Each structure stands twice: as structure tokens, then as C-alpha cells.
Amino acid sequence: MGRDFLKRLNWVDAVLYVLRIVIIIAVIYGSYNTIMAGKYSSEQWVGLIMSGLAQGSIYALIALGYTLVYGILLMINFAHGEIFMAGAFTAVFAAEGLARAGWLETPFLATISILLLVLLAASVSMMLAVILERVAYRPLRGSPRLVPLITAIGASFFLQYTFKGLYGSGFKSYPLVPMLQGGIPITANISIPRVQVVVLVLAIVLMAGLYFLVEKTKIGKAMRAVSENKEVARLMGINIDRVIVFTFMIGGALAGAAGVINGLYRPQGVNFFMGFFPGIKAFTAAVLGGIGSVPGALIGGLLLGVFESIGPNLVLDGLGIRGANQLKDVIAFSLLVLVLIFRPQGIIGEKLAEKKA
Amino acid sequence: MKLNFNTILRVGALTGFAIFYLAMVGMVETFNEREIIRDLLEIGNIELLTLGQVLMILPSMIGGYFISRRITPADGALSGIISGVLVGVISAIPMVILIMAGTTFPNIRDMFVSVNPTLMEVLSLGFSRQDAAFTGAMILAAIMIFSALDGAIVAVLPQIWRRAIINSAGWVLGIGVMSELLNQIFSTFRDYGWIERDTVRLMLQSGTVKPAFAGFIAIVAFLWPLVIPYIRTPIQERYQTATPAAKTTTNYVGYALLMILLLGLPWLVGRFLSDVLVTISLYVLMGLGLNIAVGMAGLLDLGYLTNFAVGAYVTGLLVSTGPQGIAATTAVPEGFFNLWMLIPISLLSAMLTGFVFALPVLRMRGDYLAIATLGFGEIIAKLALSDALKPYIGGAQGILFVPKPVFFGIELTNPEQLYYVGLAACLFMLYVTTRLFNSRTGRQWGAIREDEDVAAAMGIDTTRTKVIAFTLSAAAGGLAGALFATKVGTVFPNSFTVIVSINVLSLIIVGGMGSIPGIIVGAAALVGLPEILREFAEFRFLIYGALLVTMMLTRPEGLWPSEARRRELRGDDDEPPIESTTTAVPAD
């Protein structure tokens, strides 16, 4: 193998191999330094991992929208982050109303109001996703690959600034829900914030529902058939347009739900630009897990969340980089680029690189 | 007479939604501050005519025109006009509801910030008190129906009159909106003594067009399409029948006149507009650069800000007299680097960056490439802001004290002088781009854009070709960055966000991918307009987004397309070129 391998190796591959090795060494060296220095206690690590998982489950919910659409249309719905924003931004007004009415005080009413908010955001995002598909994407089916992508980028900015015009440019915060405050003690000195557990559970329940829908129902079967081969699916009597609209509906609904969950989890509040970066990160999660695969989105989302959360402290700190915590996004985007370079088929994806990437 | 209620309902609903949308995102209110004609009429407590008011009636007018054009050929002019009126009625319904709701429940503004008393005042034409709101709503509805009727009537006129009317309205609107520009130019002319203050006063009043002048424009623009065939046709015929040598001479004279105009431009338009021109030239430069990757080689690069940032930071570090500058950190004396050294250095460093970032993405295609480059761009943007690199490039504070470039002992301080640097850079890049386009490499890029696998099978070294595309494309970005740093005098990390990449991408797509005049037009429209009109700046990205989507849906080849790209995207390869030229002219 040795000589053949060397013969086939061109200089770009050589550069990429060196890059691979450098990154692996840097990660190992940085982590080793941090762990040996013992700068962070185990409680801190558990805290970081838990917040990473909670954030990751939100990424996973958004990632599902990318994965489902990419699986069927082979297109990156660049405006998906804005669909997520639309649900969250609209529901914040309802949340304020519910808070004024005192519905968030008692656990029972708070549970109902959270479900109501999720439902509201999901329906707003769903509607927007369907409109987007109908107006912007459907007429472009079958055109060169870059055309729908550019359309999606345009739609993304159009939606951002539409919502800026509608709801204003300021940040709006979701009201605090007393039920979600406080922590759940695990051991004597480790306790997990309750809100993180709720976020994780909600996300996993929604995803399990989706998995059931895709794997066990008739429309799910139709979706899988369309993603396998559109023409043959059409010959089998499947209404492709309906399946595609349904896919956008589910993706949009999950993104809207993720919007409310995100609002409850992160106190920074929502504004019109909130969807852009989570959107790209969720796409990273989808690629990381293997685009087109539902469990892949979950795995990718959680992994990305954890990497992003512990990466700065574990790796960058160990490499002696200052202000490592500002570089969370750099970790996420580096992961995006590295996955696209080295494993575009993702962790559990099949070898589709030629056809789909 | 026959009425197609289905179509009427659909067009009416769309029109109504358009007006409703413009009001809800705050465009009507913001644009209401831009007067088009000064004191045209005063009705009650409102004054005509502002851009906001035009925005309120324009959709119904277009709706009426559109449906009338569609129905008249089959069902006769009367059906067309009545359909137009019905479209106006339907489109007025959402506005009536909006006015009634907005005045009855003022709390709506807690959610929809644009539904505020000012908007109500504008929409209901001053009748926004609760008891009078209904009157206001009805007046607005009447105006909208009347505009739809206008549109419908214009649509049934013979073509030549229709053109004359639309031309006239378009010019009045255009000059009214751009009256600020006119004002700037006139004030420069006044400084030279080319024009009297009183002459300007006849036309403009506090920077807005006067009714009489608007009438003059309207009449000239009305007559223009009626007269122009008699002027244009003989000239065109003479040009076409001329000998090749005479044609070449004519072309050279044309280029020479254009060159003289370009050279004199900053002295004609004044300081403020020269500054805008410098900004436009930077974007033309970046557009030409990104065009190499996107338009010629088909590589959608969303991380163009990287090259821009590298050019700016390298320049900043080399010439800054502040703490980050090379003069403070090394033994290099202050002012060591002059313009002639700076430009190649920033160009080369951007090319190096382009080369390095090209390597990992060579194996990716289409959308994955776009996302990966977007990722690179964001990494660079976040790193520039971070504390990690603060000791070297200044972190969030950036690099201060970047002096102006010195050119043969003259310090280029004012925008009129900087414009020439920008112009020279653009012309240089223009030359490089056109030469590349017609070169072997240019054809290889074309082949890769069409089909990478086939190109590789034909023996094109795709790796090498793509690397060249990225590297050369980066060069223009670096140059633009260097000029930007010297123009602004500081290098702030906040100037380098994804917005820059989107700006550049939008302008090459709106202008026409791969088309060089398209890029110049795109830069002037997308970068110049928001600089001149403050109101547009607020809705800049809303309009960009809408433009990108509409362009892709209706004219993916751009406003001023290149021949190859048009054939490719329209999919009419087998038609002769003559045919495709006629299809690209918008059907009247």
C-alpha cells in the first residue's frame, strides 16, 4: 500500500494531513495542560457539560429542520435560523402577557403556559416555513444548486429585517418562570439547574416524537421514500409537493418550539438577529451528526453544545490563549469547517460525499 | 364584459398585503420624511407629496395596471378597468382595518412598534383622532381605489402613450427622491459660479423639488419617448453602417469621454458625494474580486470579509502611529511605508490568506463550500474582536491613528483625492479581470463552473485553477481593505462582519454574475443609494434580501447580465445569441 499511497498523494492532501495532525496535537496538548494544572474542579466540569447539553439540545431541534429539508431537497435552507427567531420573537409577547396575568406563578399553570407558548411559536414558525417554501423555494426546484442557496440567503436577511421592522430592534426577555429556578442536587456539592433538565427533557421528547413520526407513520414513510428517490416515489403515487410542504412544516414547528425553549433557557433575550448564528451552528450540528439523519441531528447537536461549552476552558486555556471564553463561537465555527473538510458525511452518515456534498 | 373574480381576488389580496407589509415594517412612516415634491398641495393638515404617500398608492396603482394589462386583451378595456377598480377595493380593506385597529387599540404598538400614532397620522391623512379615524380610512380607501383606476386606465392606452406616462411619472419620482443629490451637485456648481442661486431656487427649495420644476420634468419625460425614435434610429443606423475603422474610432472617443467624466467626477459632485464615490469604488473593487470566484469560477465564497480584513489590518499595522503600529513595536521608523509599498504588501498578504483558506475547501462543492467559507469569515471576525489577539491587533479597540497615504509628497487627505486612488485601483482590477476572462485560465474557470467533473476529465487541473481563482479574488479584497483603512483612518473589528460579505455578494448578484458593467451598476445602486438616502439605509438589508430573492426568481442572470451566464441560467443554449438578447429585454 505504502508506495501507491505516496504516488496518489498530491500536495493539497499532504497539507490537509499536516493540518489534521497539528489540530489533534493542539487539542491533546491543550487538554493535557488544563487537566494537569487542575484549574477547574469537577463541579465546574459537570456544570459546563450540563449547560453544553442543554444548549446542544436546542441546536439539535433546529438542526432537524436542516436535516429533513436537506435529506429531501438537497438544499441548505439558510433561512431556517430566521424561522427559529420568528417563533421565539412572537411568543415573547404572549409570554409577557401570561406573566402579567400571573400564570407563571404556580407550577400547574406555568406548565400549561409553557406548552401554550411552545404551541404558539411552533405554529408561527410553521406558517412562515410553509410560506417560504411556497414563495421562494418551490419555483426554483431543479435550477442550478447555487440559485436556491442565494435565494435562501436573501430570504434570511429579508426575514430578519422584516421582524426588525415589525417588532423593533431591541432585545426582549422572556419572563422568569419561578418553577424553573433553582437546582436539582445530584451529590453533596454538585447540583444541576432545573431549567437545563427541563430543556433537555423537552427537546428529547420532541425528538422522540419526530423519530416516531418519520419511522412509524405513513407520511414518515413517504418522506423517507422521497428523500431516497423523488422520481420513483412519484411513480409510487406519493404527492411530492405535499411531502415537501409537510417536511417544512415539521422543521418549522420544531424550530419554533426550540425558540421558546431557548428563550426560557437563555436570559439574554430575543431580538431579530438571534437566529443567524444559532442557525449556522445548528447546520454544523446537522453535518456533524450526518446530514439527512434524525438521530444524527441529536448526536451532532449535543456534541456541538458540549464542545462549544467545554472547548474554550479545556483546549484553549491549556494552550495559554487569553480570554478563551470569548472564543466559544470560534470553536463552533472551527468545528463546522473541520467537519466539512475531514468528514462531510458526518459521524453516522453514509458515504454520500460525492452525491450530496 | 366578463370578470374573472378569481384573478381579481388574487391580485387584490397580493396588492393589499404589499401595502399592509410596507406600513407594518415602518417603511411608510420612515419614507414619509422624504419629500418628493415640495408643497404640491395642502389638504387639511397634510402636505403632498412625500415618498411615504407614494408608497401608499403605488402598490394599488401597479395592481390595477397589472390586472388591466392582463384582462384587457381577452375581455376588452371595460373589463380591464373594472377589474382594476375591484383590485383597488380589495387592496384597501387591510388598510382600513389597520387604521381602525390602530386608532381604537393604541396598545397594538406594544407588539408592533410601527403601528404608532405617527403612522396613523400618515395613513389616515391627518384624521387619526379616534372619532375621525373612519373618515380618514375612507379617504385613504378612496385614494387607493382611484390609484388602481389610474393604473388600469394607463394600461389600456396605446403603447406609445403608456410609455410616455410611465416614463414621466418615473422621472418625477426618481428626481424627487434624488433631489438631495441634485442639491449637492448644484451647490458645487454654485461655488464655481456656473449657476446662479436664483436659478437653483427656481428648481429646488430646501433640497426638494418645487412643483413647477416637477411639472417641467414631467413634460420633458412625457415627450421624450414620443420624440426619441426620430433621434435614435438615424444615429443607430449610421453607426451600424459605418466602416469598422470608423466604429473603432467612435468607440475610442466614447471611452475617452467616459474617462474624462470619471476623472472630473469628484470636482463636479462636491466633497460629500466624493466620499460616497470612494465607498462605491471600494465595493466595485471587492465586487470585481468576488466576481472572479463567484461569477467566473462558480465558487460561492461567503467569507469575503476575510480578505478585506486582512488588507485593512496589514495596512493598519504597517502605518499606524498608535501603539499597535509597526513603528511602535519594532525598529522600523514611522512613515517608512509609503503608498507604493503598502499596496503590494496588503495585496500579497490578502493573496496569501486567500491561498491558505482555499486549500481546505478545494474538495468541497456548491453549498458546502459556501458554508465553510462563511465559517472561515466568522472565525476571522471573532478573532479580530477577541482578547486573545489584543496585544497584536488591538482587540475590540482596533488600530487607531492610521495616517493618510502620501503620494509623491502630497498627503491624500480629502475624499476628492482618495477617489483617484480608488478609481486607479478599480481600473487596474477591471483590466486584470477582463484579461483574465479572455485568457486560458478564464476559460478553465468557466469549464469548472459549468461542470467540475467534466472539466477534470478534459484535463483541467481543477485544484490549480480553483486556487488561482481564490487567490486572485482575495487580492482585490486586500486592496479594498488597504484603501478602506486609509480612508477611515482607523481599523475597527466591527467593520468586518458577515454584512460585508453579504453586501458584496448582493451587488454582484443584482448586477449580474460574471458581468463587469453589472457590478459597477450594482455597487452604485446598492452601496451608493443607502449612503445618500438615510431612509434607505434603515431598510437596506430588507431591500437587499427582497432583491436577492426576486432576482433569483425572475432574473437569475442579473440586471446587466453577461452573455454566457444568461444562456446558462435561462437554459436556452440551443437558441442563437440574437434570440436570447431579445428575450432579455423586459417584455413591455
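Me: Why does Leu262(B) count as partly exposed?

Reply: This is a predicted model, and Leu262(B) has 15 C-beta neighbours inside 10 Å. A residue is buried with 20 or more such neighbours and exposed with 12 or fewer. The count of 15 lies in between, and therefore Leu262(B) is partly exposed.

Me: Where is Leu262(B) found, and what separates the C-alpha atoms of Leu262(B) and Ser515(B)?

Reply: Leu262(B) belongs to helix 11 of chain B. Its C-alpha atom is 20 Å from that of Ser515(B), a residue 253 places away along the chain.

Me: What does helix 11 of chain B give to the largest nonpolar core?

Reply: That core has 290 residues, of which Ala60(A), Leu61(A), Ala257(A) and Leu285(B) touch the most other members. Helix 11 of chain B, residues 244–296, gives the most to the core, with 17 residues.

Me: Which residues are in contact with Ala60(A), leaving aside its neighbours within four places in sequence?

Reply: The contacts of Ala60(A) beyond those neighbours are Ala203(A), Met207(A), Ala285(A), Ala297(A), Leu298(A), Gly301(A) and Leu302(A).

Me: Why is helix 2 of chain A called roughly perpendicular to helix 12 of chain A?

Reply: Helix 2 (residues 11–37) and helix 12 (residues 294–316) of chain A pack at about 85°, with their axes 6 Å apart. Angles from 65 to 115 degrees count as roughly perpendicular, so this pair is given that term. Where they meet, Val27(A), Gly30(A), Ser31(A) and Thr34(A) of helix 2 face Asn313(A), Leu314(A), Val315(A) and Leu316(A) of helix 12. The residues of this contact comprise four nonpolar, four polar and no charged.

Me: How do you know that the span of helix 17 of chain B agrees with its number of residues?

Reply: Helix 17 of chain B, residues 415–437, has 23 residues, and at 1.5 Å a residue it should span 33 Å. Its end C-alpha atoms are 32 Å apart, so the two values agree.

Me: What covers the buried residues of helix 17 of chain B?

Reply: The buried residues include Pro415(B), Leu418(B), Tyr419(B) and Phe437(B). Their cover includes helix 11, helix 18, helix 20 and helix 22 of chain B.

Me: How many residues does each chain bring to the contact of chain A with chain B?

Reply: Chain B brings 43 residues and chain A brings 45 residues. Helix 15 of chain B gives the most to the side of chain B that touches chain A, with 13 residues. The residues of that side are 31 nonpolar, seven polar and five charged.

Terms used: Residues are numbered from 1 along each chain as its sequence is written. Chains are lettered from A and ligands numbered from 1 in the order in which they are written. This is a predicted model: local features need pLDDT of at least 70, side-chain atom pairs count only at pLDDT 80 or more; totals for chains, interfaces and linings use all residues. Two residues are in contact if their C-beta atoms, placed from the backbone, lie within 7 Å. Helices (H or I, at least four residues) and strands (E, at least two) are DSSP runs, numbered from the N terminus. Ala, Val, Leu, Ile, Met, Phe, Trp, Tyr, Cys and Pro count as nonpolar, Asp, Glu, Lys and Arg as charged, and the others, Gly among them, as polar. A nonpolar core is a set of buried Ala, Val, Leu, Ile, Met, Phe, Trp, Tyr and Cys residues joined through C-beta atoms within 7 Å. The expected span of a helix is 1.5 Å times one less than its number of residues. Axes are lines fitted to C-alpha atoms, for helices over the stretch in contact, and angles run from 0 to 180 degrees between N-to-C directions. Angles under 35 degrees count as roughly parallel, over 145 as roughly antiparallel, 65 to 115 as roughly perpendicular and the rest as oblique.
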